[in-house]
Amino acid sequence: MKLKKQVTVCGAAIFCVAVFSLYLMLDRVQHDPARQQSGGNFPRSQISVLQNRIEQLEQLLEENHEIISHIKDSVLELTAHAEGQPALPRHTPNGSWVLPPESRPSFLSVSPQDCQFALGSKGQSPDLQMLAVYSLLPFDNQDGGVWKQGFDITYEPNEWDTEPLQVFVVPHSHNDPGWIKTFDKYYYDQTQHILNSMVLKMQEDPRRRFIWSEISFFSKWWDNISAQKRAAVRRLVGNGQLEMVTGGWVMPDEANSHYFAMIDQLIEGHQWLEKNIGVTPRSGWAVDPFGYSSTMPYLLKRSNLTGMLIQRVHYAIKKHFAATQNLEFMWRQTWDTDSSTDIFCHMMPFYSYDVPHTCGPDPKICCQFDFKRLPGGRINCPWKVPPRAITDANVAERAQLLLDQYRKKSKLYRSKVLLVPLGDDFRYDKPQEWDAQFLNYQRIFDFLNSQPNLHVQAQFGTLSDYFDALYKKVGIVPGMKPPGFPVLSGDFFSYADREDHYWTGYYTSRPFYKSLDRVLEAHLRGAEILFSLALAHARRAGAEGKYPLSDYALLSNARRNLGLFQHHDAITGTAKEAVAVDYGVRLLHSLMNLKHIIINAAHYLVLGDKDTYHHDPAAPFLSTDDTRPSQDSLPERTVVKLDISPRFLVVFNPLEQERLSVVRVLVNSPHVRVLSEEGQPLPAQLSTRWGSATDTVPDVYQVSVLARLPALGLRVLQLHKSFDSHSMLQSSVRLYLPGHDLPVRRQEPVPVRVLPASTEDICLENQHLRACFSARSGLLQSIRRAGEEREQRVNSEFLVYGTRTSKDKSGAYLFLPDGEAKPYAPKDSPVVRVTEGPLFSEVASYYQHVQTVVRLYNVPGVEGLSLDVSCLVDIRDHINKELALRFSTDIESEDTFFTDLNGFQIQPRRYQRKLPLQANFYPMPTMAYIQDTQNRLTLHTAQALGVSSLSSGQLEVILDRRLMQDDNRGLGQGLKDNKRTRNRFRILLERRTTASKAQDGRPISFPSLLSHITSMHLNTEALVMPVAQEKPAPLALRSFMPLSTALPCDFHILNLRMLQAEQDESLPSAEAALILHRKGFDCSLEAKNLGFNCTTSQGKLALGSLFQGLELGSLQPTSLTLMYPLGTASNSTNIHLDPMEIATFRIRLG
């Protein structure tokens, strides 16, 4: 108590000093002689003096802001030491639970400069804004003749007389790491033969070229070839015959993938290339992802690539860009004011990346120059005119025919340099194909180049050969903006390849694995960080020998399995069923390994006496928080068995911010008390575990504990068996049964009241908001924020989409609905269960195909400011149906909504009435929102799903899809392998304070800080690990707090990744990659008490003192994937990041 008084007095005194200093500053400005007015006219000198004074005042205010920030930090440090435990809730006479006021006040201190960013830039606007392009185009799909989706191309024969056409034919083979066959089967059947032939055939003629992109396959092949063959590969790369393009582990999907995993697979590929071949990729190649995100050009640019290529873009956009010669452009991020994110991008103009659609506009002619299709082979030309081998007799005629196509294609671009890809899926797998393509093309090139009157220079080239020739032609160095080329910003979703065939189904296909992907990602990030910290502490203590370094190989394997799953037929849900199982087994295997890496690191870090550390793989010190019996089962949470001696829990918070969270653990007895490591009782709520709508699970209880978890840290808790009922706060349950009687299995001591279905609303309330539900349906109807009169209608309902009866139906890729969605009509009315308690209350509704639980946490801060929603979906008896969840509100959002791209940035969307319903769906990896000038409603998601807003005030998400047929895109299967899938969301309703229509019309938007943190909480759950030894009392355990200061709350530690040792790739080196992201945020949304101290620092961060008990040995800023050092390594450990930027540092901790 005494300390509390001291803190209060101290805080008040500092506040007075701050106010007084502000008064003095203003006083100084007012009495300034320079401010004396001279009549009505200010001389110029006085205006400049005035400007100086204003600038000085701004500076003083800024300094004052910093002083206040420091004051807050000191006050907080004092209060933090004074009071650590959350106080116990109490029950009021009217039956509701009240939480005592927070013993630790928390600050939201955002620097005014940090709010400027979201208000928009003074930069010039791009020439092509994709949102505007969509509004402009008619999407009329007129027949274009031989180029069906385009137009007739004409040219004058003398156009190249002064500047000859330069043609680069780029041989490639597109290798899917899993699609129709598994990764391994493809490797053994095709990929190894392609690469073996490549080494042989490329050495036959130095003019030959080849490009390769998937490092997952390349590294597997590398492990199986001789030193002699490896040397040959290095020679081919060194002399420019073989180019590694993009260089990622895979060619990732760009719709459903999260930016953590996109970066991780890029680092994995680039690190492999650097270690094994000593090469750094220069150009990006993405011919097959189904639509393109603007996140990718940002990541490639920050990895020091200078050019990139894309192919699967809506045919109407291709036609428009071809007609206006905008197929090549500088792709710029929407927030960029100084063009630092620009990267040169080439868009292919035609339908596909195969040979018939790459030499020019007429596939019937181009097919005749795919020499794998020579008569007698296994594939032929659908246009019924086969290729002919090139001879002296026909070379003039054949070359002229091909040149005509080259010239026509060239007319669609601004330069006289032409790119002509030559390849397809798994091409060049037999030596005969290498001979057929390379020998016949060389004859054509030799002829063309020998005829000066044709004004053409043709040759084999790599992708970078093409870009280099183009840059040279326009007179710039790679990376600069070529004069006369347009700047574009925005993205390329959603994709249609013909008619109204929109590829918007794959945003949801196989949601079970989309969810598992994110669970694995969160575990990988947590394991990377904890392993790096444990190893650094062990090395510092000289205990490296005792630490299980073999965990590094498991970590490396998990990176590669997560990377593999980012492939554009994996996370998309568009592979064969057996291939999906293969991916699932890999993901589960790595998930289990990561749980063990986290356990080993946590074991070391929580030991009070590190000398007692002993790693025993057969008997781990901690148990996992849950288990999954098979790759397609939902997790089963571990039940802690209570005994006379206390059981200990170690709780890991993988967030870089402290969090006040409700930690849930299952126990086998209702007689339990929860204590902190110091023995202080913690508020906890006891509830029963329900196995079904009306049955409790015998002898299993859920204990929910309110605990403050240190940033990136480990908190130790104790569970005691105790018959003292005062410390455990019980929840109460009401079960609303529809008409028919159902037997209810209850369990003491939690009271359950069984009631008939009611027509009254059910409302849950905490200090921040009140949510009301229909008692009949159990579904959310409205939300009211504290201190507001009006309820905001947030009406939720389930809907079902069918598919067309005509020939083209929905499948794994395509969404082709049979019209608008119809209400979901289950056979029986739902059972509705309401649980109320001091720390959380929830409404659960049990329908035939979906069970929903909406939970409201009664805790201060982030957890209590949004609604937690879980939908357990099982549509295995549906036929050609898709289940959707729609929220309808009174928000006047009109035709605008917002979706995220890869969890990295927000892209405004517009509902286009001129397009079919399915065209208006977009990917939602982490969030979508609608807003008007008063409110913003955000739907946060823990897994990627398809989302849309089909009318004003609505937001809807597709939960699962079951489709009985193939959609004719090569898969040859429907989607019939549905699983019971849990989709998790948070609904956040925020008040907007300073919004304007004009500002909302801009093609850029940002979440609030609260929204960012809510998303992190949803995607990064705390892991609860029970100490395994049940009998003996464990050694002294201490909570682990790795950070010595709080990170600014717009900073995110994306990863802390140990790099591999030079000699042995299964062991870690002394260096790690620290990857930081500074988030862009919108200050115009009201920020309530966040429950932790949130300050921003204008992008400044002192890394030297960040990690408690560790020294930062070195700090080298590098490119995103560590391939290039940026500047020299300095002694300063203070860094600065602009909003939205991601930066990588090579560091030594110890």
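Me: What does contact mean when I read that one residue touches another?

Reply: Contact means heavy atoms within 4.5 Å. This is a predicted model, so read every contact as a feature of that model. Take Ser 173. Leaving out residues up to four places away in sequence, Ser 173 touches Ile 194, Phe 210, Ile 211, Trp 212, Asp 424, Phe 426, Arg 427 and Tyr 428.

Me: Where does Ser 173 sit, and is Ser 173 buried or exposed?

Reply: Ser 173 belongs to strand β5, residues 165-174. Buried means under 20% relative accessible area. Ser 173 has 6% relative accessibility, so it counts as buried.

Me: Which polar partners does the side chain of Ser 173 have?

Reply: One is the side chain of Asn 175, in a polar contact of 3.0 Å. Another is the backbone oxygen of Arg 427, which the Ser 173 side chain reaches at 2.8 Å.

Me: Now Thr 1014. Where is Thr 1014, and what does its side chain meet in the backbone?

Reply: Thr 1014 lies in helix α19, residues 1009-1019. A polar atom of its side chain is 2.7 Å from the backbone oxygen of Leu 1010. Relative accessibility is 0%, so Thr 1014 counts as buried. Beyond four places in sequence, Thr 1014 touches Val 862, Ser 866, His 940, Arg 986 and Leu 988.

Me: How do I read two packed helices?

Reply: Use the angle between their axes and the distance between the axes. Here, take α5 (residues 183-202) and α6 (residues 215-223). Their axes come within 10 Å and cross at roughly 75 degrees. The range of 65 to 115 degrees counts as roughly perpendicular. Therefore α5 and α6 are roughly perpendicular to each other.

Me: Which residues meet there?

Reply: From α5, they include Phe 183, Tyr 187, Leu 195 and Val 199. From α6, they include Phe 217, Phe 218 and Trp 221. The residues of this contact divide into 10 nonpolar, 4 polar and 2 charged.

Me: What describes a pair of aromatic rings?

Reply: The distance of the centres and the angle of the planes. The whole structure holds 60 aromatic pairs. One of them is Tyr 466 with Phe 467, a tilted pair, 5.5 Å centre to centre with 55 degrees between the planes. Tyr 466 and Phe 467 are both buried.

Me: Why is the pair of Phe 798 and Tyr 824 edge-to-face?

Reply: Planes over 60 degrees apart count as edge-to-face. The planes of Phe 798 and Tyr 824 stand at 80 degrees, with centres 6.4 Å apart, so the pair is edge-to-face. Phe 798 is in strand β30, and Tyr 824 is in the loop between β31 and β32, 26 residues apart. Both residues, Phe 798 and Tyr 824, are buried.

Notes. Residues numbered from 1 in each chain as written. Predicted model: local features only at pLDDT ≥ 70, side-chain atom pairs only at ≥ 80, totals over all residues. Heavy atoms only, no water. Axes fitted to C-alpha atoms, helices over the stretch in contact; angles between N-to-C directions. Helix = DSSP H or I, 4+ residues; strand = E, 2+ residues; numbered from the N terminus. Parallel < 35°, antiparallel > 145°, perpendicular 65-115°, else oblique. Nonpolar A, V, L, I, M, F, W, Y, C, P; charged D, E, K, R; others polar. Buried < 20%, exposed > 50% of the residue type's maximum accessible area, 1.4 Å probe, protein only. Polar contact = N/O pair within 3.5 Å; in protein donor to acceptor, adjacent residues only side chain to side chain. Phe/Tyr/Trp six-rings, centres within 6.5 Å; stacked < 30°, edge-to-face > 60°.
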